[in-house]
Amino acid sequence: MDLEKAPPAASARRQDEAARAPEAEGCLAVAIRVPVRIVVFVLVVPVRMAWDALVAVARFLKDAVFRPLGRAVGGLLTSVGRSVGWLADRLVTFLVWLMTGLDTVLTWLGKLVFVWPWVGLWRYVIAPVGRALGRLGHVLLIVFPVWLYTRVLTPLGHGIVWALRGFGAGCAWLWRTLAVAPAGALWRWVLVPVGRGVAWVGSGLWAGVVWLGRGVWAGVSWLVVGVGVLLRWVFVVPAVALWHEVLVPVGRGVVWLARGVATGVVWVALSLWAGGKWVCGGAWAGVVWVCRGVWAGGAWACRGAWAGIAWLGRGLWVGIAWFGRGIWAGVTWLVMAVGVLLRWVFVVPAVALWRGVLVPLGHGIVWALRGFGAGCAWLWRTLAVAPAGALWRWVLVPVGRGVAWAGRGLWAGVVWLGRGVWAGVSWLVVGVGVLLRWVFVVPAVALWRWVLVPVGRGIVAVAREIGAALGHAWRVAGYVSLAVGRFLGRLFRWIFVEPVRWFYKDVLTPVGHFVRDAAWRPAAEAARSVGRSVRQAVASARESARQTRADIRRMLFGAPRTPVPVSLTKGVREPAVLSARTLGGESGRDDLPPPARG
């Protein structure tokens, strides 16, 4: 078990390791654990005690010896370091001076060996050759192309432009002669007169149509007026007569009868109920008979009026249909005549113009363009296609076939060589791989699997147990060393510290207090009184000497002049300094004696 407390995480990890240990450990670990821990504990306890003793001695030496020695050595080394720094500074200055001289010499030597030969080569060889090459390139690449452009290509281009301009002028003259002039003559001597004739015929036809329309409008207006008069005498006059002669008297009779019936009804109702009932029945019967008569008369009048309107409508429709047929026949004949006239005025001349003028002119232009295109094509075939075809057929194709044949042969040789090399390398790699496998890999695998792994596992188990035993023994030895150290410290305290402490407290302290009170304090007081007396005597002697020197100076040189006080506020812009207040109301500065010399 562990004798040293561990943090919660470490204790939990150890518990987990302890819980997993029976599963992961074997019989070898269980067998060697206890003996190894015993042996290691026996060996580690003296080492741990010696280690703790050395730590204690080292701490004592550090506090009592090494730190003061280090400070002394540090001061000494600081002085030595300053001296060495001064010496190094002087040495560095000398080295800098030496290196500066060497740098100057080496720079001059380097320039002499490396720079000046190349400068001479550049200045006297490369630069003249470059200028000559530049002049030659200027002549070959600039002067000659400029001369070729100025003296050859520009005149040739001007000649081509002049030829193209002449050809364009000829084409323009042909266009003006063969197309524009006939078209202008056709427009001036054919289309304009024909158009004017067509306009004259159209204006005459429009005047006839206007005259015919005005006549038709007059007939229709007369017919409409007649129909209106007829409708007035057929519908309006009978209706007005019916209203004034029939409906108004009947209405007035009905109103008069209604008033009489109402009066009779009121009188009968006031006299007798039975007589009123009989009178009301008779009056109702009379009203019904009158209303029936009025309804029958109105129905007979409406039937007669409808029959007249229907007869008049049929007659009017027959007249309108006859008149419309006549108008349609006239308009049809007029349209046919206009169509025939327009055909002979526009269509026939246009067809003749198309067949006799435009078609031959177009055929001629197409023939001319075909001839020009054939000439250009012949020139293109002769000057471009034929040389290019000959170059392709007799130069590029044989050269390309030769290059392709050589490339195929070279590629076949490279492929054959690559396949042979690949087969040899593959066979060699396979053989070497098989040999290395049976010489190295198989024995190494067997050695690893059947020797190194078991031995390694055993060594790891032993090493793990030895490490655990060392840790356990080191912690236990620490507790043992701590107990032994505490025992030795307590023993040292009992044997040495406590007696020394008792002797200092109970013997030396009372003796020291007695000596201090009986001897040191009176001696110190006497010494202080003697020092005070000596200081006063020295001060009196110094004051007497000062007064004596002042009297001698006054006798020899006279009394010193009294200084005249100067106003501090006169001509000064700063505020005046107020004097300090005293109990007597004076500042106390006037009581001071003037400064004495010496």
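Is Arg48 buried or exposed, and what is the relative accessible area of Arg48? Arg48 is buried, with a relative accessible area of 16%, where buried means under 20% relative accessible area, exposed means over 50%, and partly exposed lies in between (1.4 Å probe, protein chains only). The views below come from a predicted model, in which local features need pLDDT of at least 70 and side-chain atom pairs count only at pLDDT 80 or more, while totals for chains, interfaces and linings use all residues. Residues are numbered from 1 along each chain as its sequence is written, and side-chain values use heavy atoms, with hydrogens and water left out.

**View 1. The whole chain contains three helices and zero strands.** Helices (H or I, at least four residues) and strands (E, at least two) are DSSP runs, numbered from the N terminus. Of the 598 residues in the chain, 6% are buried.

**View 2. The largest nonpolar core has seven residues.** Such a core is a set of buried Ala, Val, Leu, Ile, Met, Phe, Trp, Tyr and Cys residues joined through side-chain atoms within 4.5 Å, and here the set consists of Val36, Val40, Val44, Val45, Ala469, Ala473 and Ala477. Helix H2 (27–271) and helix H3 (273–557) are the elements that give two or more residues to this core, and H2 gives the most, with four residues. Leaving aside residues up to four places away in sequence, Ala477 touches Phe41, Val44, Val45 and Arg48, a contact being heavy atoms within 4.5 Å.

**View 3. Arg48 and Asp52 meet through their side chains in a salt bridge.** The N to O distance is 3.3 Å, and a salt bridge is defined as a side-chain nitrogen of Lys or Arg within 4 Å of a carboxyl oxygen of Asp or Glu. Both residues lie in helix H2, four residues apart, about one turn of the helix. Asp52 is partly exposed, with a relative accessible area of 24%.

**View 4. Phe167 and Phe372 form a stacked aromatic pair.** Their rings lie 4.6 Å apart, centre to centre, with 20° between the planes; rings of Phe, Tyr and Trp (its six-membered ring) pair if their centres lie within 6.5 Å, and planes under 30 degrees apart count as stacked, over 60 as edge-to-face and the rest as tilted. The pair links distant parts of the chain, with Phe167 in helix H2 and Phe372 in helix H3, 205 residues apart.

**View 5. Arg493 and Glu498 meet in a salt bridge of 3.1 Å, N to O.** Salt bridges that share partners join Arg493, Glu498 and Arg501 into one network.
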